[in-house]
Amino acid sequence: MKRVLILAIVVLLAGATVSAETTLEWWQFWTDPAVKPVIDSIVTEFESAHPDINVNVTDLTWSNGHEKIVIGFASGRGPDVVELGSDWIAQFAASGQIADLTDDLGADTAGFQGWDMATYEGAIYARPWILGTRVVFLNRDHLTLAGFDTTWLPVSFAQFYDAIHRIDSAGRSQGIYGWGSNTAEKHRLYKKFLPFFWSYGAQIFTDDREYCVLSSLMAVEALKQYKKLHDLYGYVDSQRGIEDAFLNGNVGVILSGDWLLKRIELEDRDINLASTLFPGPQYPGRSFKGGEFLAISEMSDHREEALTFIEFVTSPENQLRFCKANRSANPSSLTAQQDAYFQDNIHLQTFIKQIQFAKHPPVDPDWVYIEDEIEQAVEDALFGDGLPATALLKAQQQISEIMEQ
Amino acid sequence: MTSRRLSRFLFASPWVLSFVIFWAFPLLYSLWMGFTDYRLLSRSGPEWVGFDNYVALFSDSDFLNSLKNTFIFVIGTIPVTTVIALALALLVNREFKGRGIFRSAYFLPWVTSMVVVALIFTNLFQRGGYIALLAQMVGLDVPTHGFLYDSSTALYSIMAMDVWMAVGYYMLIFLAGLKAIPDELYEAAEISGASSLRQFFTITLPLLRPVALFILVINSIKSFQVFVEIFVMTKGKFDTSTVVYFIYETGLQTQFKFGYASAAAYVLFVIIGLFSLLQFTVIRRRQPLW
């Protein structure tokens, strides 16, 4: 009897092992009704193609998703696969929460953009999924009002500033401002300033990362010019407020992302839109870039399955489906970028070109503190009594202290 | 344990359990965390650092600035709210047609969500908003980009909104206090020839003292903990960060310094305790205050 019982247990256990399924926990941010069905169908197709793997999707929100990820990792109940913003990768990599994927992904980087943002101290920690950058949007009617011909677009800072000045001069009496200038919004203001900063040739750190050089002459010039636009021609509001004003015809020129194209399409906005690369002293300048990445938890017991999954999600075909649903302009896949969807749309083309001339902030676990200091300097110069040079010098000293710590 | 005592214990235990799990434990745990360097993103666990967090807080310009703003908020809003609430209570305590409508109207902001109110006022305070236009009409200087985008006006604008929102609630409490004062006292005062003003200072105010104490203490605690309006309207920018916003930023936003944030929370706890004690001591004096 005892032998029969043991045999039965062994058979049951063996059966259980054969039919065991792996469940992957995936935490992601896309809850938009236009995008969520695509996410769900990608997951369903993956599960059909891999019957031994289930994927459990948890939706996060942009307002508290970061907190949830941190708490999830800290409590040991984090996901296997997690979507991370480019700014967060260094933080999670440095704290050992996400896995080093260099050996798994390092040999297959050629077909994708954005690896620089996923690389911390020489190791790759995530796979690029959807990237993003900012381009210059102009209201063509306002350009015409200011005396520019119907195809003209600025290709240098001199022309860019002149266009803003002339739109403002011609339109202010009708409530039209030349430039949409961001108020002191956390995580947003510095992203608008850094394109000016980089385009003037300024750097946050020396190349060897030994010193902070935030208050260089080029940086001061960038902040002076940014402040001038703000003070003289600026319609100052939140990013959303600036975009509303632009779409309502109250602002001539703004710096914005691909979400603006989505708004124009979904809200059926009637605007004579032009888009161009961020100009710089010489064309083109350097815009800001970021993106969404897929990383694997260091604690995951299903690393191989997770790798298979992120490769599936970030495949060119699935990126294309995602971009079409979300109207995203910058898939990380170079193959996806060649699709007629991007090639036939002049504004999406601007984004595809711009990302080649865009920079990302240093991949640094202390970036949250550094970002704060840069933002404070810009805020002091724009809204306080600080001169650009003194505001940047103060921030440089603070960042140097952070680096020393 | 007798069955009677056991049943008492069992009846009380759900509340005791929830108190221990959701209040007492977090309270003590955060007190302990305040003495550690605990960061949620740290590879290592929390390490005891003694009073280092408390020492660091008092040399942290962000914290000190938040503390300053919190005191400005408390000292600026409490007297104004209390005086206006009392004045309104005296007004709606009189017999006149439609006073029920006034009472409801004054109380309505209090039952509206703070987030909704804050969003509405964000629009009112912005450039071209009704408040900005009204200020211009009466010849006041309006900041170029609106009241909330200027360090010299942002905090005061939020304080004004807070007073508008809270005044109806405290009016209602004062009204309850007024109703509890016996009419005989006023009749006797009138027979003695006391003027209305004298009646107010010798009868109404002294008898409202317990109500005033309650309002001051409750309003102080609420004001020291101001957060939602700051979060919705300015995100702590334009010199509007308060202590609770600082705690949120430090502990839950980008830095995840739980130890440091817990220490800041306990500093606020002590301040609120001392402030309440001061109010109790002053208002419970036997001598008349007014």
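A polar contact is a pair of N or O atoms within 3.5 Å; within protein, one atom must be able to donate a hydrogen and the other to accept it, and residues adjacent in sequence count only if both atoms are side-chain atoms. The model is predicted, so local features need pLDDT of at least 70 and side-chain atom pairs count only at pLDDT 80 or more, while totals for chains, interfaces and linings use all residues. Residues are numbered from 1 along each chain as its sequence is written, chains are lettered from A and ligands numbered from 1 in the order in which they are written, and side-chain values use heavy atoms, with hydrogens and water left out.

**View 1. Chain B meets chain A.** Let us start where the two chains touch. Between chain B and chain A, four residue pairs are in polar contact, both residues being at pLDDT 80 or more. Sorted by class, the side of chain B that touches chain A has seven nonpolar, five polar and six charged residues. Here Ala, Val, Leu, Ile, Met, Phe, Trp, Tyr, Cys and Pro count as nonpolar, Asp, Glu, Lys and Arg as charged, and the others, Gly among them, as polar. With contact taken as heavy atoms within 4.5 Å, 18 residues of chain B are in contact with 28 residues of chain A. The two chains bury about 2,200 Å² between them, 53% of it on carbon and sulfur atoms. On the chain B side, Leu41(B), Arg127(B) and Lys237(B) lose the most area to chain A, together 29% of what that side buries. Buried area is the accessible area (1.4 Å probe) that two parts lose on being put together, summed over both.

**View 2. A salt bridge between the chains.** A salt bridge is a side-chain nitrogen of Lys or Arg within 4 Å of a carboxyl oxygen of Asp or Glu. By this rule, two salt bridges cross the interface of chain B and chain A. In one salt bridge, Glu379(A) pairs with Lys237(B), and the closest N and O atoms are 3.1 Å apart.

View 3. Look for Ser95(A) in the loop between helix 4 (89-94) and helix 5 (102-105) of chain A. Helices (H or I, at least four residues) and strands (E, at least two) are DSSP runs, numbered from the N terminus. Ser95(A) is buried, at a relative accessible area of 9%; buried means under 20%, exposed over 50%, and partly exposed in between (1.4 Å probe, protein chains only). What does the side chain of Ser95(A) reach? At 3.0 Å lies the backbone oxygen of Gln91(A). Leaving aside residues up to four places away in sequence, Ser95(A) touches Leu41(B) and Arg43(B).

**View 4. Salt bridges within chain A.** Over all chains, the count comes to 24 salt bridges. One of them joins Arg303(A) to Asp104(A), with the closest N and O atoms 2.8 Å apart. Because Arg303(A) lies in helix 13 (residues 303-313) and Asp104(A) in helix 5 of chain A, the pair ties together parts that are 199 residues apart in sequence. Arg303(A) is partly exposed at 30%, and Asp104(A) is also partly exposed, at 28%. Another salt bridge links Arg263(A) and Glu243(A) at 4.0 Å, N to O. Arg263(A) belongs to helix 12 (residues 259-266) and Glu243(A) to helix 11 (residues 239-247) of chain A. Buried or exposed? Arg263(A) is buried at 8%, and Glu243(A) is buried at 2%.

**View 5. Helix 10 of chain A and its neighbours.** This helix has 17 residues and reaches 24 Å from its first C-alpha to its last, close to the 24 Å expected at 1.5 Å a residue. The expected span is 1.5 Å times one less than the number of residues. Among its buried residues are Ala219(A), Leu223(A), Tyr226(A) and His230(A). The buried residues of helix 10 pack against parts of chain A including helix 8 (157-171), strand 8 (177-182) and helix 18 (367-383).

View 6. Most residues other than glycine have a negative phi, and most peptide bonds are trans. The bond from Tyr283(A) to Pro284(A) is cis, with omega near -10 degrees. Pro284(A) sits in the loop between strand 11 (273-276) and strand 12 (287-296) of chain A. Glu121(A) has a positive phi, near 50 degrees, and is exposed at 70% relative accessible area. Arg209(A) also has a positive phi, near 65 degrees, in the loop between helix 9 (189-199) and helix 10 (217-233) of chain A.
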